[in-house]
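I opened this model today to look up a few places in it. My notes follow in the order I took them.

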Amino acid sequence: MKSSKKSQKKEQGLNIIIVGCGKVGSTLVEKLSKESHDITVIDQKNEVVQRITEDYDVMGFTGNGASYSIQIEAGIQDADVLIAVTESDELNLLSCTIAKKVGDCATIARVRNPDYSMELSYLRNQLGLSLIINPELETAREIARLLRLPSALEINSFARGHAELVKFKIPKGNLLHDKPISAMHELNCDMLVCGVERDGNLIIPDGSFIMRGGDAVTFLATPTNSMDFFKKIGVDTHKVKNCMIIGGGKTSYYLGKQLISSGVEVKILELDEKRCEELSVLLPKALILHGDGSDEDLLREEGIESTESFVPLTGLDEENILLTLFARKCSDTKVITKINRSTFSDVLDGLDIGSIVYPRYITAEKILAYIRAMQNSVGSNIETLYHIFDNRAEALEFKVEKDSPVIGKPIMDLKLKDNLLLACLNRNGKVIIPRGQDVICEGDYVVVVTTHTGFTDVSDILKWQ
């Protein structure tokens with residue numbers, strides 16, 4: 001059933017069909033509709049389609065996204081890309097297969113089942129998929145990164161892991177309190193401060209900006225230099241030795257597997273006895289406990305007061321938040337909170353719940369990076385995309401292609417847009433924090449932080465395009 005019609009055809013952007021309007025699908029509609037794309041959604045729930053089409057002025061169809069007739073009605077023959085993000089892996093894969101046969105468009109599928117996780121490359125090649133994204137696996141990878149550097153609130157990886165954008169909170173009484181940003185450079189750490197958050201405000205500071213205890217500072221550096229910086233300011237940098245995980249779902253499995261492979265002791269509390277038996281087989285080196293992870297006495301009995309990291313991964317945001325608050329009350333453990341919804345962000349900012357991960361945004365950012373790359377007529381040179389500072393800015397990584405207008409001139413001579421920071425260059429694996437006299441070369445990877453949105457090519461950083 002056709003739900004609504006767009007008020008007018010958008011002049012720019014891609015023709016995109018999104019199958020499935022759950023958390024990830026609605027987030028994609030929200031992000032992509034702001035970037036001048038022509039969006040059509042398909043979902044089996046009519047009330048969901050009605051809400052999405054009314055909120056974002058997109059075309060909507062109620063029905064099975066894997067149905068040939070529904071895809072034809074939705075315009076698959078004119079589509080540039082179909083994104084299938086329903087709750088069913090099989091439906092997503094089938095939707096993409098039909099789209100490839102009928103429309104010959106790019107296809108992106110969300111695939112979550114661990115049974116498929118070892119076969120993603122094979123599935124992508126055999127079915128001709130452009131991209132397969134596993135939200136639980138990507139979420140687990142982000143959590144594992146944070147546990148490697150417990151003092152960080154956020155870590156975003158660039159340059160194939162050679163550079164990181166790290167966010168941390170300056171402890172009360174730290175040597176950085178009442179010091180200017182330039183004091184960081186006096187520590188002889190090759191790094192670049194990209195932003196400071198204070199009292200809900202985002203500041204892009206210069207060297208004279210005075211830092212305070214409680215400020216959330218985001219900087220870019222290599223992993224080695226990040227560790228060196230934290231050591232010099234007296235902040236703990238030791239990777240956690242053990243982790244208590246509450247809930248035994250897919251993310252817990254992926255996280256447990258990664259942590260065990262890096263030498264971290266893993267303890268998982270799961271209420272469902274059958275799932276405990278499954279996890280015992282899947283993760284033989286983990287300690288799997290059958291019990292209610294929200295039981296205060298059980299948590300104390302299992303050592304919440306002495307565990308070095310605590311990660312609640314239940315399906316309820318409220319339970320994850322309460323468990324994290326309880327863990328913080330009991331000890332100084334590193335806590336990470338998984339949040340599925342994005343509401344009440346102002347309230348969350350005021351709570352001591354450590355690092356927060358949003359699976360829906362992690363998934364959406366991977367897909368958005370691919371969509372932006374498709375728009376680039378020179379080539380797919382967007383490597384990485386993150387929304388940072390509570391979605392008030394973007395951090396993007398571009399590969400510089402031949403004949404790009406940014407090549408060959410000292411950075412000081414480039415007419416860069418306002419509200420933009422050229423954060424680092426990656427040249428043959430060497431990370432360079434750029435200075436005015438540095439020159440961008442063909443083949444470099446460039447990381448940019450900006451409050452602008454919709455960049456699709458590195459040339460977008462220039463004023464006169």
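**Second largest pocket**

I began with the second largest pocket, which is lined by 34 residues. R112, E136, G315, K338 and N340 lie nearest its centre. Two or more lining residues each come from α1 (23–32), α7 (135–148), α10 (250–261), β14 (265–270) and α15 (359–375). I noted a pocket volume of about 620 Å³. I keep in mind that this is a predicted model.

Next I sorted the lining of the second largest pocket by class. I read off 15 polar, 11 charged and eight nonpolar residues.

**Helix α1**

I then checked α1, one of the elements that line this pocket. Is α1 enclosed or open to the outside? Eight of its 10 residues are buried, so α1 is largely enclosed by the rest of the structure. I listed the buried ones as V24, G25, S26, T27, L28, V29, K31 and L32.

I looked at one pair in detail. β14 and β15 run parallel and are joined by four bridges. K267 stands opposite L287 in β15.

I turned to β20 (residues 393–399). Why do I call it largely enclosed by the rest of the structure? Six of its seven residues are buried, and buried here means under 20% relative accessible area.

I traced its pairing on β19 (residues 382–388) first. The two strands run antiparallel, with six bridges between them. I382 has F398 in β20 as its bridge partner. Four residues lie between the strands of this hairpin, and F389 takes a positive phi near 50°.

Then I traced β23 (residues 445–450). β20 and β23 run antiparallel and are joined by six bridges. L396 has V448 in β23 as its bridge partner.

**K402**

I moved on to the loop between β20 and β21 (420–427), where K402 is found. Is K402 buried or exposed? Its relative accessible area is 58%, and the cut-off for exposed is over 50%, so K402 is exposed. I also looked up C441, which is 39 residues from K402 along the chain. The C-alpha atoms of K402 and C441 are separated by 8.9 Å.

**Cavity**

How many cavities of 30 Å³ or more does the structure hold? I found one. The largest cavity has a volume of about 50 Å³. I listed its lining as E154, I155, N156, L165, K167, E197, T218, I388 and F389. β8 (154–158) and β9 (163–169) are the elements that give two or more residues to it. The largest share, three residues, comes from β8. By class, I noted four nonpolar, two polar and three charged residues in this lining. F389 came up here and in the hairpin of β19 and β20.

Notes:
Residues are numbered from 1 along each chain as its sequence is written. This is a predicted model: local features need pLDDT of at least 70, side-chain atom pairs count only at pLDDT 80 or more; totals for chains, interfaces and linings use all residues. Side-chain values use heavy atoms; hydrogens and water are left out. On a 1 Å grid over the protein atoms alone, a cavity is a set of points where a 1.4 Å probe fits but cannot get out, and a pocket is an open set with protein on both sides within 12 Å along at least five of seven lines; lining residues have an atom within 4 Å of a point. Grid points are joined across faces, edges and corners, and a volume is the space filled by probe spheres set on the points. Ala, Val, Leu, Ile, Met, Phe, Trp, Tyr, Cys and Pro count as nonpolar, Asp, Glu, Lys and Arg as charged, and the others, Gly among them, as polar. Buried means under 20% relative accessible area, exposed over 50%, partly exposed in between (1.4 Å probe, protein chains only). Two strands pair if DSSP finds at least two bridges between them.
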